[in-house]
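Hello,

Here is the structure for you to look at. My notes follow below it.

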Amino acid sequence: MHPTQILRNEDPPVGKYGKYLNKATWGNLGVATPERGIITYALSSDRQNVLAGAGLPALRNTWRRFAGQVLFWAPPLVAAWYAMEWANKRNEYLNSKKGRASAHEE
């Protein structure tokens, strides 16, 4: 924009495709000046597929994610399971008549 246009308070220059290159000047706040690069899209409500990807693709994605993570959490889970089983059996033995007798002998 040239300084003479600003001094004369002329309309902003029109760029490519008839869009204004800048927003409205302070003196023309009520003038509708379209912005550049604003694109809107719409899809009819009867064309939308609400349950797209909810069937077999969801199962495939779930399996893919599970297979990628199972080696991180399964081994500690199995180790903790066997440790708890051993601890429960050892506790039952030590609190039984046979276990108390063996503890007093030592």
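**What was found**

Tryptophan 73 is partly exposed, with a relative accessible area of 42%. (Buried means under 20% relative accessible area, exposed over 50%, and partly exposed in between, with a 1.4 Å probe and protein chains only.) Tryptophan 73 sits in helix α2.

Please keep in mind that this is a predicted model: local features need pLDDT of at least 70, side-chain atom pairs count only at pLDDT 80 or more, and totals for chains, interfaces and linings use all residues. Residues are numbered from 1 along each chain as its sequence is written, and side-chain values use heavy atoms, with hydrogens and water left out.

**Overall**

The protein has three helices and zero strands. (Helices, H or I of at least four residues, and strands, E of at least two, are DSSP runs numbered from the N terminus.) Along the sequence the pattern reads α-α-α. Of the 106 residues, 5% are buried.

**Confidence**

Mean pLDDT is 77, and 64% of the residues reach 70 or more. Where pLDDT is low, the predicted coordinates should not be read in detail.

**Aromatic rings**

The structure holds two aromatic pairs. In one of them, tryptophan 63 and phenylalanine 66 are tilted, at 5.5 Å centre to centre and 35° between the planes. (Rings of Phe, Tyr and Trp, the last by its six-membered ring, pair if their centres lie within 6.5 Å; planes under 30 degrees apart count as stacked, over 60 as edge-to-face and the rest as tilted.) About one helical turn separates these two residues, because they are three residues apart in helix α2 (residues 56-94). Tryptophan 63 is exposed, at 57% relative accessible area. Phenylalanine 66 is partly exposed, at 36%. Ring pairs join Trp63, Phe66 and Trp73 into a cluster.

Best wishes

Methods
pLDDT = per-residue confidence, 0-100.
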